[in-house]
Amino acid sequence: MAILRLAVQSLWNRRFTALLTLLSIALSVALLVGVERVRTEVRTSFANTISGTDLIVGARSGPVQLLLYSVFRIGNATNNISWQSYQAIASHPKVAWAVPLSLGDSHRGFRVLGTTLGYFEHYRYGRERTLTFSAGGAFDDLYDAVIGADVARSLDYELGDEIVIAHGAGDVSFARHDDKPFRIVGILAPTGTPVDRSVHVSLEAIEAIHAGWQGGAPLPRLSVSADLARSLDLTPEAVTAVLVGLKSKIATFAVQRYVNEYPAEPLLAVLPGVALSELWSLIGIAENALLTISAFVVLVGLTGMLTALLIGLDERRREMAILRSVGARPIQVLTLIIGEAVFLTLLGILLGIGLLYALLGAGQPLLETQLGLQIGIGALRPREWLLLASVLGAGLLVGLIPGWRAYRMSLTDGLSMRI
């Protein structure tokens, strides 16, 4: 205890340098654990984008591509599914429900999703959480639209506002369906999923706005007004993908094989969880790279502590010699220097964790509203404890270097005059 007390007093005498070292360690620890916390929460949020759906069906391509365009609204489908094939899947005796999705249009940079009312009933995210409305309700009229939370916030939309849908991902004048504006009747509550960045309309609405269009452009001298479109047969010819829920989990592979071997057209059925794992394995390299960078930041902080201790050691050679002269054993001098390093590292860890929790507490509302990320402020997890233990162990190893130098200092070297 005397050595520890002496180490604390020695650090206090060099408090300015010690404070800077402490701050660098705290910041690096906050970054390291913060990256790990965000990585874990993002992965959990990523995996919870869709739940309660047993199969996703689309045109035959790759599982990751199908997942990207059907769930994450990224990219485009290689082909569509005929309406007859959708009906055959929906009427399968082992299928409890099937929700068709039609993609391909946009509104000011946000994807437009054509679907049915079953989407709001059966779509689940997180731990079987259902979609809820922060205002209004589901679409009822042909030209009703339901928007996600991010769409409403970014474009400052309210109930009753009119919006115009554009054909394709680009919002250019010649591709807009200006003659058939939609009215916002519902705003969904934030989910932290691509639902927040989507505009939802009915499948019939998708058919209505494309009446009189061919190949992505309106036919010349053929104009179908909004009222005239209501009288047309708006049964879709094809859809982009289908979300499928089964009556029993046991039937998953049987229905998947039925879809994959469907004779009328080439289709693909994937399990969302399997496709998510495959997708995460592709982008997991980036998260590991970020964690590695954070580890190097911690290493830089500990290197700064090593530099400070080594520089301070040269200035404390007489102090070490005096300690030896009054009876301190070499091992006690070694313990003194190592104790200073461990004490600084431990204080840096505690300060870094406190700083991280303060930042998470202050930034949580912003992260949730701006990025849809829900970063939990809970107890440290086992992997985080392991990282902190590694930092403490690294601090101990760093302290061994100046400690060994102090251990080998001789009494005569410390007391001799240096010219």
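Visitor: What makes the contact between Asp-54 and Lys-249 a salt bridge?
Guide: Their side chains meet at 2.4 Å, N to O. A salt bridge needs a side-chain nitrogen of Lys or Arg within 4 Å of a carboxyl oxygen of Asp or Glu, so this pair qualifies. Mind you, this is a predicted model, where local features need pLDDT of at least 70, side-chain atom pairs count only at pLDDT 80 or more, and totals for chains, interfaces and linings use all residues. Residues are numbered from 1 along each chain as its sequence is written, and side-chain values use heavy atoms, with hydrogens and water left out.

Visitor: Why do you say that the pair ties parts together?
Guide: Asp-54 sits in the loop between helix H2 (15-47) and strand E1 (55-59), and Lys-249 in the loop between E16 and helix H9 (252-260), so the bridge links parts that are 195 residues apart in sequence. Helices (H or I, at least four residues) and strands (E, at least two) are DSSP runs, numbered from the N terminus.

Visitor: What about the salt bridge between Arg-153 and Asp-150?
Guide: The closest N and O atoms there are 3.3 Å apart, so that one passes too. The two are three residues apart in helix H6 (residues 149-155), which means about one helical turn between them. Arg-153 is partly exposed at 36%, while Asp-150 is buried at 9%.

Visitor: How many salt bridges does the structure hold?
Guide: Eight. Another one of them joins Lys-180 and Asp-179 at 2.8 Å, N to O. Lys-180 is buried, with a relative accessible area of 1%, and Asp-179, at 40%, counts as partly exposed.

Visitor: What makes Arg-111 a charged residue without a salt bridge?
Guide: Lys and Arg count as positive, Asp and Glu as negative, and His and the chain ends are not counted. For buried Arg-111, the nearest side chain of opposite charge is Asp-105, 8.7 Å away.

Methods. Buried means under 20% relative accessible area, exposed over 50%, partly exposed in between (1.4 Å probe, protein chains only).
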